[in-house]
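The sequence and structure come before the notes.

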Amino acid sequence: MKVAKFGGSSLASAEQVEKVVAIIESDPKRRFVVVSAPGKRSSDDQKVTDLLLAVCTRLCAQEEITDLIEEIYARYTAIAAPFGIEQVHLDRIWQSLAAFQTLPTQDNPHLYDTVLASGEDNNAKLIAGILQSRGLAARYMNPQELGLLVTDEPQNARILNKSYAKIAQWRDSPEILVIPGFFGYTEAGEICTFSRGGSDISGAIVAAGLQVELYENFTDVDGIFSAHPGYVHHPESIKEVTYREMRELSYAGFTVLHDEALMPSYHAKIPVVIKNTNNPSHPGTLITNQRDNLDQPVIGVASDEGFCMIYIRKYLMNREVGFTLRVLEIFREFDLNYEHMPSGIDDISIIMRSNQLNPVLEEELLRKIAYEIDPDELRMTHDLSMVVVVGEGMRQRVGITADSTAALARKNINLEMINQGSSEVSIMFGIHKEQEKAAVRTLYYTFFD
């Protein structure tokens, strides 16, 4: 059996949904379908989720939302029109949207979750109705009935382990189950949504609970490329990648699949394939626990901006017991996370996401470090990007780091930081963001023909 998850771009219009139906019909193993809310039909269009966000804003301001409800309903009816589905499916969608008018807005921590989750929930009702109109035995399955239980953390829910056993009970369902992504239910019956990439997370949870042979994630690209197509002209596509490699690439900017979405499938050892709804015959990119072909040492070059670095230098730092602990305790006091921390005998660099700081907080943080640590040098560097070279095969190939730094030097790209994990699956370079594209290009052409 397979779980097939379809993203918003795959479900944005009747024409796109027709492709989805054909994909489901083409393989009887696709017994479980997870759907997102309808996405943009064109570049200047709005996602249904965007309209639902506007509903939340108006509800909180106690403003009229009738026009938004009608606009959202019109999106679903436009998708349904060519399929001739039974009116009862559309009536259920309208009733769900009309219920927004009665939602409590004061002291309601689940307001946003309830409204936003309706995008996926109503789309699952619609797709189930469309499949039925095509003569398929299909059924809408609410996550609560499925057994998808989550923690009570609005907009940041996490799956409860007991969910997997509940989901497994549906393994022998005679019908195609159409399941809305993005949300689950608390044990008290409240709706809670996952973080970004929520529908991908739902698909992975369903795949893990059912122990299927493959989790297919359909989107609008032919898989994953070895570099950003906006930085490199026609980069190579990746045929197969390990979960560990994908985690490194996702962290450094590859946005096809959110890294958190991989965890349920990774733990259940279920392979994931990224495929294109618009080109379903393309093999896509397979994500597995282990791959045997390591002839290509580097599988991808990724980058991400929005970092800053605190540099601390103190003579005989390595003689001070607990020096690093004292620094990290200051970070904990300010409720800050760090990303990397390369060090020498007398200095240490702490890389963090810039969005955690503002000018006032930054000044207080540096003052606290100066007072507690008394460094010989303390400075903050802004506007950094992280460029990462990733590949399981790097462990078997001597000179990858040398080739990388030589390539960057040829383009006069100055390194603020270099960090290689003990797993030797990735090498990360910290550079100024204006040199990010040039760095990705030169590293890509160093390792790919």
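The buried residues of helix α4 are covered by elements including α3 (66-80) and α5 (111-133). This is a predicted model, in which local features need pLDDT of at least 70, side-chain atom pairs count only at pLDDT 80 or more, and totals for chains, interfaces and linings use all residues. Residues are numbered from 1 along each chain as its sequence is written, and side-chain values use heavy atoms, with hydrogens and water left out.

**Helix α4**
- Helices (H or I, at least four residues) and strands (E, at least two) are DSSP runs, numbered from the N terminus.
- His 89, Leu 90, Ile 93, Ser 96 and Leu 97 are the buried residues of α4 (buried means under 20% relative accessible area, exposed over 50%, partly exposed in between, with a 1.4 Å probe and protein chains only).
- Seen down the α4 axis, these buried residues fall within an arc of 120°, so they line one face of the helix (the arc is that of the directions from the helix axis to the C-beta atoms).

**Helices α2 and α3**
- The axes of α2 (residues 48-60) and α3 come within 10 Å and cross at roughly 160° (axes are lines fitted to C-alpha atoms, for helices over the stretch in contact, and angles run from 0 to 180 degrees between N-to-C directions).
- α2 and α3 are therefore roughly antiparallel to each other (the term applies to angles over 145 degrees).
- On the α2 side the contact is made by Val 48, Leu 51, Leu 52, Ala 54, Val 55 and Arg 58, and on the α3 side by Asp 67, Leu 68, Glu 71, Ile 72, Arg 75 and Tyr 76 (contact means heavy atoms within 4.5 Å).

**Helix α8**
- 13 of the 13 residues of α8 are buried, so this helix is largely enclosed by the rest of the structure.
- Just after α8, Gln 211 takes a positive phi of about 55°.

- Ile 176 is found in strand β4 (residues 176-180) and is buried, with a relative accessible area of 6%.
- Leaving aside neighbours within four places in sequence, the contacts of Ile 176 include Ile 24, Val 33, Leu 131 and Leu 136.
- Ile 159 lies in the loop between α6 (143-146) and α7 (162-168) and counts as partly exposed at 21% relative accessibility.
- The C-alpha atoms of Ile 159 and Pro 264 are separated by 9.3 Å, with the two residues 105 apart along the chain.

How values were computed:
Angles under 35 degrees count as roughly parallel, over 145 as roughly antiparallel, 65 to 115 as roughly perpendicular and the rest as oblique.
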